[in-house]
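Please look through the sequence and the model first, then read the points below.

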Amino acid sequence: MSADSAFDPDDRRWMGAAIALGERGRGRTAPNPHVGCVIVKDGGVVGRGWTQPGGRPHGEAMALAEAKDEARGATAYITLEPCAHRNGRGPACADLLIDAGVARVVVALGDPDKRTDGLGLARLRAAGIAADVGIGADAAASSLAGFLWRQAIGRPFVTLKLALSIDGKIALPSGESRWITGEDARAHVHGERAKADMILVGRGTYEADRPKLDVRLPGLEERSPRRAILTRGETVEGWTRLGGPEEVFALADVNDLLVEGGSGAASAFLAADLVDRMLIYRAPILVGEGKSALGYVGLTSLADAHRRWALADTRPLGIDRLEVYERVR
């Protein structure tokens, strides 16, 4: 039995809506989390919000501003524990909810930030507001993985993208690699870019392709992430330089990092065990002799290769297929 089964179906439904709203802010709020909030009264939505670009206003503040007086006596569904700390950029969300007179707060996850961790919920309960925690926890944790990962271990959540042939090649011997996958797969990649705070390629990919690494989906063009290059050479103007994969620990304002190419960068991050999720876009073509997707990835025995990755999802994308793997830790 899942933890969600202890909650009312309506609670699960409204929390799902809050998580979907929070995704609208993904890639634009770091180092803050992208929080979604839905305020419900008498079975209908009276307010909704998500964390805005730059991290403020928070999702709760946006939803309360929309709900206005209708928030009194309502239930607020929030993907992360309301913050308890005050700063110059805005009041604590726990205080906003208390002042608005909500009757109940349903939270998916506690906030691991030591400035809030349990304090937001305690403040709500001390004010006589019913507070439940845990509904939609798995989905919220997946959505907020970048923020949670940075809080737990001090670095972004790293996703590696690879576009491969059936036989695991990324290019012909000549280096030609456009296009291995079709339009549907490429569109999906642009959607992933829109969710990232930063996107990284290796020096070889930069020199060969001079990639823009922008988002070219209608309506999402402004969500192109910051660009980074993995190189021990000179910095490229307008790009963040990482001298090695371990330097991701210095990216204090990045929650989600997308590593998009090429073989050298992918292999370096895998060898350093700094990849948390892999997106493999597999095209129904055979290349034969060509450039392999990966080089040395740090393995010394075949036994070490097993039980490191778990298939989390697979789906068709036009003529291609996406496979999503998560690192087992």
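In this predicted model, F157 has D256 in β11 as its bridge partner. Strand β6 covers residues 157–164 and strand β11 covers residues 256–261; the two run parallel and are joined by four bridges. In general, strands of a sheet pair through backbone hydrogen bonds, and the pairing is either parallel or antiparallel.

**The sheet**
- An open sheet is formed by eight strands, and its pairing is mixed.
- The order of the strands is β10-β9-β8-β11-β6-β12-β15-β14.
- β10 (240–242) and β14 (309–317) are the edge strands, each pairing on one side only.
- On average, neighbouring strands of this sheet are turned by 25 degrees against each other, direction ignored.

**A helix on the sheet**
- Helix α7, residues 183–195, packs on the sheet.
- Its contacts there are with β6, β8 (198–202), β11, β12 (277–282), β14 and β15 (320–327).
- The direction of helix α7 makes about 160 degrees with that of β12.

**Residue A63**
- A63 lies in helix α2, which spans residues 59–67.
- A63 counts as buried because its relative accessible area is 0%, and the cut-off for buried is under 20%.
- With neighbours within four places in sequence left aside, A63 is in contact with C37, I39, G47, R48 and G49.
- Between A63 and L258 there are 195 residues of separation in sequence and 30 Å in space, C-alpha to C-alpha.

Terms used
Residues are numbered from 1 along each chain as its sequence is written. This is a predicted model: local features need pLDDT of at least 70, side-chain atom pairs count only at pLDDT 80 or more; totals for chains, interfaces and linings use all residues. Side-chain values use heavy atoms; hydrogens and water are left out. Buried means under 20% relative accessible area, exposed over 50%, partly exposed in between (1.4 Å probe, protein chains only). Contact means heavy atoms within 4.5 Å. Two strands pair if DSSP finds at least two bridges between them. Axes are lines fitted to C-alpha atoms, for helices over the stretch in contact, and angles run from 0 to 180 degrees between N-to-C directions.
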